[in-house]
Every structure is written in structure tokens, then in C-alpha cells.
Amino acid sequence: AKPIRYDSDYINRYRRLSETDAGKQINAFRIKWVLDHAGPRVSLLDYGSGDLTFLSLARLSHWPEAHGYDICEDDLVKYALHDLGHGSHSRHHAVCFWDSLEHLDNPMEALALADAWVFVTIPIMPNSVNPARLPEWKHYKPGEHFWYFTRRGIVSFMREAGFSMTDGSEAECEYGREDIATFAFLRREIK
């Protein structure tokens, strides 16, 4: 499959979604999720910052020094991330992967940036999806998604990366998303 371009059109589509009532509820949920698990004023990296909504809200609320990273080709996002302190190569107490982990060809590199917490929102393949019918699943996106997980699969994958699941939620489905779960993972040996 042809690789997707993370350009202005891609970013603007998600910017429009984040401005909806559901998008605002999802970002409020994510802020509370990180606050409840990692606490305020910790070093925070939003990996896959996209339209910058979560990163902006994080900086305005509990994490004024939050950093962001994104591979997008949108110039406005690049400049904004530069101004916000590009933090992709330094370690952080908590790293958020809101709909981004499945887009990484080598997520272990990104996961290594987390000293303690990793927060993930990711499509979860229902157990009822036959792997042979994967191409029919809503979240099957060759060229965009490198990884596909069941709930047990993401927990096992993260365990291999050195993290234990402490919490999971399907709250984003209450805001209209489908087959999406949010997880909190804690590094087994905090650095």
C-alpha cells in the first residue's frame, strides 16, 4: 500500500474533528486520564501531536512544559512544535500516544522515551474479527497503520517493551468512536 502523507489535509481533518463536541469531550477525557495516573507538572511528551489540540490543552492546564513531536509535513505544525520546545529526543516521565502508536514502524524507539508512564489510545480489533477478514475492519489502513492489536495483544506488546497495564477504558466509544480503547501503562522499572 502507498504510504499516507501526513500533510495539511490530514492535519486539518483532525483539527476539524477536535473542534466538535465529541472532540472536545475526548480531549477533556485524555487530560483527566493523564492527570489521574501521572499527576500534574511531570515531564510530558505528546508523541504524534497532530493538530496540537491535546498539547495546547496540556500546556494550558497541568503541564506547562509539555513537549510535542509529530512527523507531519504541515508547516504550521512544524513551527508550532519548534516554538513549544521539540522534545522528541529527550526522555519524559510520561509519553502520550493518542492514535499514533499504530502509525509507527518502530514503536520501541518511541516507547524508550518514557521513564514511567505511557498513555495509548489505539484501535482494538474485536475478538470477533477473523484475521482473514481484517481488510474489512474499519481501522484496517495499509500505508497508515503498521500495527493491529487485540486488547490482549497490546498488553502483551507493552509487556515486551517493559510496561505493565494499570488501567484501560473504552470511554472514547461513548463519544462516538468505534473499536477504540485507552490504556495507561507503567514502566516496570522506573528510570
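**Figure 1. Glu-102, a buried residue without a salt bridge.** Glu-102 is buried yet forms no salt bridge, and the nearest side chain of opposite charge, that of Arg-177, lies 6.6 Å away. Buried denotes under 20% relative accessible area, exposed over 50%, and partly exposed the range in between (1.4 Å probe, protein chains only). A salt bridge requires a side-chain nitrogen of Lys or Arg within 4 Å of a carboxyl oxygen of Asp or Glu; for charge, Lys and Arg count as positive and Asp and Glu as negative, while His and the chain ends are not counted. The model is predicted, with local features requiring pLDDT of at least 70 and side-chain atom pairs pLDDT 80 or more, whereas totals for chains, interfaces and linings use all residues. Residues are numbered from 1 along each chain as its sequence is written, and side-chain values use heavy atoms, with hydrogens and water left out. Glu-102 is located in the loop between S3 and H5 (helices, H or I of at least four residues, and strands, E of at least two, are DSSP runs numbered from the N terminus). Beyond its neighbours within four places in sequence, Glu-102 has contacts (heavy atoms within 4.5 Å) that include Thr-121, Glu-144 and Trp-147.

**Figure 2. The salt-bridge network of Arg-30, Asp-99, Glu-172 and Arg-177.** Salt bridges link these four residues in a network. Between Glu-172 and Arg-177, the closest N and O atoms are 2.7 Å apart. Glu-172 is buried at 0% relative accessibility, whereas Arg-177 is partly exposed, with a relative accessible area of 24%.

**Figure 3. Asp-99 and its surroundings.** Asp-99 occupies the loop between strand S3 (92–98) and helix H5 (107–111). With a relative accessible area of 23%, Asp-99 is partly exposed. Setting aside residues up to four places away in sequence, Asp-99 touches Arg-30, Thr-121, Arg-177 and Ile-180. The C-alpha atoms of Asp-99 and Tyr-175 are separated by 15 Å, the two residues being 76 residues apart along the chain.

**Figure 4. The salt bridge between Lys-32 and Asp-36.** The side chains of Lys-32 and Asp-36 meet at 2.6 Å, N to O. The two residues are four residues apart in helix H2 and are therefore separated by about one helical turn.

**Figure 5. The salt bridge between Glu-136 and Arg-133.** The N to O distance between these side chains is 2.6 Å. Glu-136 is exposed, at 58% relative accessible area, while Arg-133 is partly exposed, at 49% relative accessibility. A search of the whole structure finds nine salt bridges.
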